[in-house]
Amino acid sequence: MVMVNSALSFLSLRKPCPIRMLLKAALSFVLLFFCVAGLYAQDVEQIAKQLTPEQKKTLSKMSPAQQKKLAEEYGVSIPGDKGAVQQPTAAAEKPAEFKGMTIDTPVSGARGAEKQSGVAPLHPVGYEYFAPARQRIISVEQAIRSGKVPEVRRRAALEGYVGPLDMISSHVDTGTPERYFLSPGDAITLTHWSSDQQQETITVVIDDDGSIEIPGAGRFIAQGMTLDQFEGAAYGQFKRISTAMDFHLVATMERLKSISVDIRGEAFRPGGYKVSSVTTLFNALLACGGPGDNGSLRNIRLLRGKKVYHVDFYDYLINGSTGDNYALQGGDIIFIPKAGRKVGLSGEVYRPAIYELNKAEGLQEIISLAGGVKPTAVTAQVLVHTIVPGKKKVVRTIDLNKKSDIAAIALQDGDRVSVRAVSKAAINYVTVQGNVFYPGDYELVKNMRVQDLLLKAELLPDTHTEQAVLTRYNEDGKTTTRINIDLSSLLEGDRSQDLMLQDLDELRIYSREEAKYIPRRDVQIIGHVQRPGTYSRSEEMRLKALLFAAGGLLPGYDSVLHISRARTDKETEILTVNVNDLLTGMETANIQLHDNDVVTVRHRADFYETPKWVTIRGEVNVPGPYTLKNKTVTLRQLLEMAGGFTESAYPKGIMLRRESRYITFGDQVELLRRANRSAVEELRQAYLRAWARNSAQLAVMQGKAAEEAPAPARFGMPAITDTDDLEKTLAASTIPSIAEGGGKVVEKTFELAESSPALGVSKREFGENQLLFDEKERIVVDIDKILKGKEDMVLKPGDEIMVPQVPETVSIVGAVSTQLTLGYDDDRWVDDYIERVGGYAEDADEDRVRVVRMDGTIMLVDDIEQVERGDIIYVPTRVMTADIKTSTDKILDVVKYSVSTAASLLIFFSLAGGL
């Protein structure tokens, strides 16, 4: 706003200055930008209030015209209250919406009543025809103002035009109208050929004298000819010099010349226009956007020399006549005078609108222009809102059926004619609704009774005949009386029930279902049938018929089915049926069904629809797939069926893999996910609390503000401590960047650092996928107990059992000098094997050495009795410490991960996962 005030102060200088002009243009752009961006949504009067006294003084010295011009330049309007600034009008915000397209001011005061009554506003006839042309003109003007060059494109002659704002010379494509007459400047292409002459194409142009010369064929006058006439003349010229019997010639327009016309008067955009020579008067009107707000559509004039052609555009708009669509000639002038009387016509006519009337036209003519009155019009009470010139506004009632009334009214400019509609309320009819073939309204004839109405409407077979209801209006026309009619008595001839009908009576007929509760005639069958669902119950329907409708029983059905019967006291009644008795034809088992019965067919759990099998491979005498006889086959039974182990088998290393769907059941997976999400959220909150505490401690120790403390490390890395020792806390803050380099191998051994005396680390966050089972999971089997009969493993479909050969090696991996696989020796202990590979590495955690057995179990060294064949001895790394000196000369314990054995760890976990 300061910048705006400064600019206004500078603009108030009297002397012309290029800088002032430039600033004025820039300020105009800024204000326009604020309007578009919505910053002017606040009350723009605030701008006027912030003007300096000098600026207000400068404005007050300007004439009203100068103030208006300045306001228009800045996109605002100044009303008559001494410079109060208003927001831009809707017309400025929407340049495509033209004044005069809709009547925003009342016609003789009728507008206010129109708004109150909810009647749609009237629009002047014909202006909407030019709306697209006006929109195009405005868009071109806006493009030119913004510095854009209007697009030059190849145009169709009757579609494109060149106006005063985009005067561009461009080629015009067209199909030549049949009535187009050739004139100087037209270019024509001639193509001719014959059997003894190749096709040849030449282009000729009509000279200024109207003649045209065809090379080799001579000259002749072409002006005034149509294209077909010219083609015939040219053919004759060529035939004079050609001897071919099959000579052919085709003439086409190469290009049409352009002509200049002038459009004056009350046009939307008057000026000179350069158009195609085939342009018509109506095309030119579109080119200029049609008449302006005050322009006439009824008395458009075409001035050609001394001739004047009067054109009534209504004849084209209303009747579709193109007789006045004259072909233009160079130098033509189109003049659009001021419009004549404009009268609004609303109500029950076919085209309500605002019409322009010629001098001799009156009420009869405007109704004719509107397509006449509708059948629903009250022609005897047409209202005319008019004026007594120079005196007062009056409303007159005209009877269109009286010529004297029509002749007596002289319509004035701004009058409003309203044709009322007849009342929507109909009389002399009665209504029948409900359970009849033909419900609806019926004419009330003389002496019409209830039975007469029923004969017309025709009762349906399931009609409730005990009672019908006749609703009749009372004398006040608002309240009603309910009259009960005994239909059964009426149909038997009881005249007391056959009442005389009156206007607007309504007879309601009910069906039996409407009058009395009747349960749905449905039965339902669920369970082990081919098509379970709900079925319509027929009369005397029995159980066997329902089974047939449901497609019959599926294999594996239970021998007993149940029928649950509803609508009983206290508890549901359940009937038991023996299926075998039913299928063998025992009638007592074929129970008759009731409405809403539910038949349940169960499935036997011990029934196999298809055979299930398991597979055993490796060192057994008969490996391969084996069918499960039942659901209780065990691993020991399978080993017996497979002929037992071979001599080279190693039972301790037996591996059993099972599909995950037999390991987790029901909602276990989803419950596991929910528990994990809850644990992760608790861990995250604890992590953030610990980090906030440690960050503050680190900032105090390092002499920094708390807000300068480092950002938290990645969640899941060991950057959190549970100690108050500041030195250890600072040491812990170095871990994330070191641990990040270790990747997933370091993350795998993360929990091994929990025993470090220098650091208490946070637990790892588990992703949901880490908690789910793979497609097949390995199950650890204690084969010794199974073979001794102490326990056993029930097999599941798809189980895979692998019996390996006797291994002869032991592998040593992890934090050792050299990772090797050695031959098995039953006299050696863990330390013996480690010594044979060079001993422990510097960072080995000797207290947490583990042994991975071939059956998949992982055990600490202290828990095993001896090293067995195929074992993997894994030596993990431990947390190392080192002393480093800080800038504050404090010696701190820095905790870091050693990643020197990353490759070893990766090998270990690959081996462990593959067992």
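Leaving aside neighbours within four places in sequence, Glu361 is in contact with Arg298, Arg341, Glu356 and Leu369, where contact means heavy atoms within 4.5 Å. This is a predicted model, in which local features need pLDDT of at least 70, side-chain atom pairs count only at pLDDT 80 or more, and totals for chains, interfaces and linings use all residues. Residues are numbered from 1 along each chain as its sequence is written, and side-chain values use heavy atoms, with hydrogens and water left out.

**Confidence**

- The average pLDDT of the protein is 74, and 70% of the residues score at least 70; pLDDT is the predictor's confidence in each residue, from 0 to 100.
- Residues 69-118 have a pLDDT below 50, and the model gives this stretch 85 contacts beyond near neighbours in sequence.
- Residues 713-764 also stay under 50 in pLDDT, and here the model has 109 contacts beyond four places in sequence.
- Where pLDDT is low, the predicted coordinates should not be read in detail.

- Glu361 sits in the loop between strand 14 (353-357) and helix 12 (363-369); helices (H or I, at least four residues) and strands (E, at least two) are DSSP runs, numbered from the N terminus.
- With a relative accessible area of 17%, Glu361 is buried; buried means under 20% relative accessible area, exposed over 50%, and partly exposed in between (1.4 Å probe, protein chains only).
- The side chains of Glu361 and Arg298 make a polar contact of 2.9 Å.
- A polar contact is a pair of N or O atoms within 3.5 Å; within protein, one must be able to donate a hydrogen and the other to accept it, and residues adjacent in sequence count only if both atoms are side-chain atoms.
- Arg416 belongs to strand 17 (residues 416-421) and counts as buried at 6% relative accessibility.
- Between the side chains of Arg416 and Ser346 there is a polar contact of 3.3 Å.

- Five strands form an open sheet in the order 24-23-27-25-26, with mixed pairing; two strands pair if DSSP finds at least two bridges between them.
- Strand 24 (533-536) and strand 26 (573-578) are at the edges with a single partner strand each, so one side of each is left without a neighbour in the sheet.
- Strand 23 (residues 522-527) and strand 24 run antiparallel and are joined by four bridges, and Gln524 stands opposite Thr534 in strand 24.
- Four bridges also pair strand 23 with strand 27 (residues 598-603), in the parallel sense; Ile526 has Thr600 in strand 27 as its bridge partner.
- Strand 25 (residues 557-565) pairs with strand 27 in the antiparallel sense over five bridges, with Ile563 opposite Val599 in strand 27.

**Aromatic pairs**

- The whole structure holds 13 aromatic pairs; rings of Phe, Tyr and Trp (its six-membered ring) pair if their centres lie within 6.5 Å, and planes under 30 degrees apart count as stacked, over 60 as edge-to-face and the rest as tilted.
- Tyr129 and Phe130 form an edge-to-face pair, at 5.0 Å centre to centre and 85° between the planes.
- Tyr129 is partly exposed, with a relative accessible area of 28%, whereas Phe130 is buried at 1%.
- Ring pairs link Tyr129 and Phe130 with Phe282, Phe313 and Tyr316 into a cluster.
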